[in-house]
Amino acid sequence: MSSKSSSTSDAAAASGMRKGLTSYGDAGFSLFLRKAFIKGAGLSDDALSRPIVGIANTGSGFNPCHGNMPQLLEAVKRGVMLAGGLPVEFPTISVHESFASPTSMFLRNLMSMDTEEMIRAQPMDAVVLIGGCDKTVPAQLMAAASGKVPAIQLVTGSMLTGSHRGERVGACTDCRRFWGKYRAEEIDDAEIADVNNQLVASVGTCSVMGTASTMACIAEALGIAVPGSASPPAVTADRIRVAERTGAEAVAMIGRQLTPDRILTAKSFENALRVLLAIGGSTNGIVHLTAVAGRLGIALDMEAFDRIGKETPVLVDLKPSGQHYMEDFHKAGGVRTLLRELRPLLHLDALTVTGRTLGEELDDAPPAFPQDVVRPFDKPVYAQGGIAVLRGNLAPGGAIIKQSAATAALMEHEGRAVVFEDLEDLAARVDDEELDIHADDIMVLKHIGPVGAPGMPEAGYMPIPRKLARAGVKDMVRISDGRMSGTASGSIVLHVTPESAIGGPLALVRTGDRIRLSVQRREISLLVDDAELARRKAAWRPRPAREGDDRGYRKLFLSTVTQADKGCDFDFLRGTQDNGSTPIGKPPASGGQAAKKP
């Protein structure tokens, strides 16, 4: 047999039903048995000869963000079959932010492993990953980045908005706003019950620029989702049409062998970081992008990220940084409208799932039209990107603040620390009328990092103490080693690295210490002299193990999870190769498509 015919035979053997045969020591029998069982579902030899597209089904009764899964599955299947492929759905873990204890972030890596292993174990030539809620899309992108199979992301889409006493409302920025009013005793039990019925008006992800919407926009900016797919609401015909196209594109990707490593490059990650900044996106987007890039051996350079933040303004006027909702963003043209404004800053030669470059896709995008949700580049919502990176002796590994959603007067602030040792301490004391705290103090919460909680919960959005809320206090500087929801706002310093549970400087803070925050200087400093900090460090001891820390997934998590600056991924899942860092820098201002202006 010639080398050419041999290689052709090998390629055929590694595709379709012949891919990843079960190990019985007899390949022919393995294929025979596989086909016998799947024919029990009524499939013909003709169907089984087609390219196979796996479809990850993350539907769950505990996940209303994925409540439109049946409709999406049928549309993806239709798209696959119209393009000549065979669709095969398979289940994976489904994680919802509000239904996962201790936090959905604790389970993100487990979902990524489940998804990756199911892609590897089962015969598929390409895979469609359907997810929506906060941690599901990052988990699926992490799995895709680790695999060698053409993969395409399909987000479930955002929910519709509701109405409360004539006011438009939507999850979950308005959830927090009304709960704040309730805590401050501005509204009563009856009204908080009424608004609870209106905040989530349909299935789908949060209707503001929270983590779910942020990751939807990031997926499109990365090129791993079809153009125009980030913004259609969950229950619209547009969302179903996107799903059908996604199925068709998955089949086309097989012929092109368009694997994730060809799409998810340092350039595409920089494009995604630009979009994260310009949408006023969730701070969680940093952790997730770091994890996805880390799977490919690409490091996220936080100093470079902060530099591009100074030249990338917030242009999308959505809550919590603005006023509108995701359905308004969709009506304004979605991510493509934003990319048109960002064009001079983007790497337009980055490849997308269509096989075409980002620049080519933008050239063929629908024309611009008047709208007020995406601002012109020279008339931004906020002059710099939504997220700033802070450093100092309190956070030698870095910390972040969502400056676009903070109170301007608190961006340069020095105050007395009021320390809560953990979530239990916070819950026990924050509403105590005898708590010694004032509006200009700085709230500090320890032990909510990756190891400390565990799982880095979204508890960085500490509630304003009730007695201050009743007095009209709406915001305070708050610092922790945890995260906050992308739907939240406030002057909140997050992701302090290293975390307190492993002896980071945050562990050494005591009530009464002075802390200085300067967003202008990108500083977060504990104003305690080095000698005193050294004495405290020498006396510090880690907390004893908790019940359950020594077994199962929890043990794996605690022993291998990385810090926020490495994406809170497991150390053994990160790529071992060195593929450089991102952002890599502004594209050239002349030549090719990059020279075009918004």
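The sulfur of Cys568 lies 17 Å from the closest cysteine sulfur, that of Cys133, which is too far for a bond. The model is a predicted one, and the distance is taken from its atoms. A disulfide is a covalent bond between the sulfur atoms of two cysteines. With a cut-off of 2.5 Å between cysteine sulfur atoms, the count of disulfides in the model comes to zero. Cys568 itself is buried, its relative accessible area being 3%. Cys172, in contrast, counts as partly exposed because its relative accessibility is 22%, and buried means under 20%.

From the cysteines we turn to a pair of helices. Helix α7 covers residues 173-183 and helix α8 covers residues 189-196. Two packed helices are described by the angle between their axes and the distance between the axes. For α7 and α8, the axes come within 10 Å and cross at roughly 170 degrees. Angles over 145 degrees count as roughly antiparallel, and the two helices are therefore roughly antiparallel to each other. On the α7 side, the contact is made by Phe178, Trp179 and Tyr182. These meet Asp189, Glu191, Ile192 and Val195 in α8. By class, the residues of this contact comprise five nonpolar and two charged, with no polar ones.

Helix α13 can be described by its length and its burial. The helix runs over residues 284-295, twelve in number, and spans 17 Å from its first C-alpha to its last. This is close to the 16 Å expected at 1.5 Å a residue. α13 is mostly covered, with twelve of its twelve residues buried. Among the buried residues are Asn284, His288, Thr290 and Arg295, as well as Ile286, Val287, Leu289 and Val292. After α13 comes Gly297, which has a positive phi, near 75 degrees.

The last stop is Phe329, which is placed in helix α15, residues 326-331. Is Phe329 buried or exposed? Its relative accessible area is 0%, so Phe329 is buried. What does Phe329 contact once its neighbours within four places in sequence are left aside? The residues in contact with Phe329 are Cys217, Ser231, Val316, Leu318, Gly334, Val335, Val373 and Val374. Gln371 is 42 residues from Phe329 along the chain, and the C-alpha atoms of these two residues are separated by 9.5 Å.

How values were computed: Residues are numbered from 1 along each chain as its sequence is written. This is a predicted model: local features need pLDDT of at least 70, side-chain atom pairs count only at pLDDT 80 or more; totals for chains, interfaces and linings use all residues. Side-chain values use heavy atoms; hydrogens and water are left out. Axes are lines fitted to C-alpha atoms, for helices over the stretch in contact, and angles run from 0 to 180 degrees between N-to-C directions. Helices (H or I, at least four residues) and strands (E, at least two) are DSSP runs, numbered from the N terminus. Angles under 35 degrees count as roughly parallel, over 145 as roughly antiparallel, 65 to 115 as roughly perpendicular and the rest as oblique. Contact means heavy atoms within 4.5 Å. Ala, Val, Leu, Ile, Met, Phe, Trp, Tyr, Cys and Pro count as nonpolar, Asp, Glu, Lys and Arg as charged, and the others, Gly among them, as polar. Buried means under 20% relative accessible area, exposed over 50%, partly exposed in between (1.4 Å probe, protein chains only). The expected span of a helix is 1.5 Å times one less than its number of residues.
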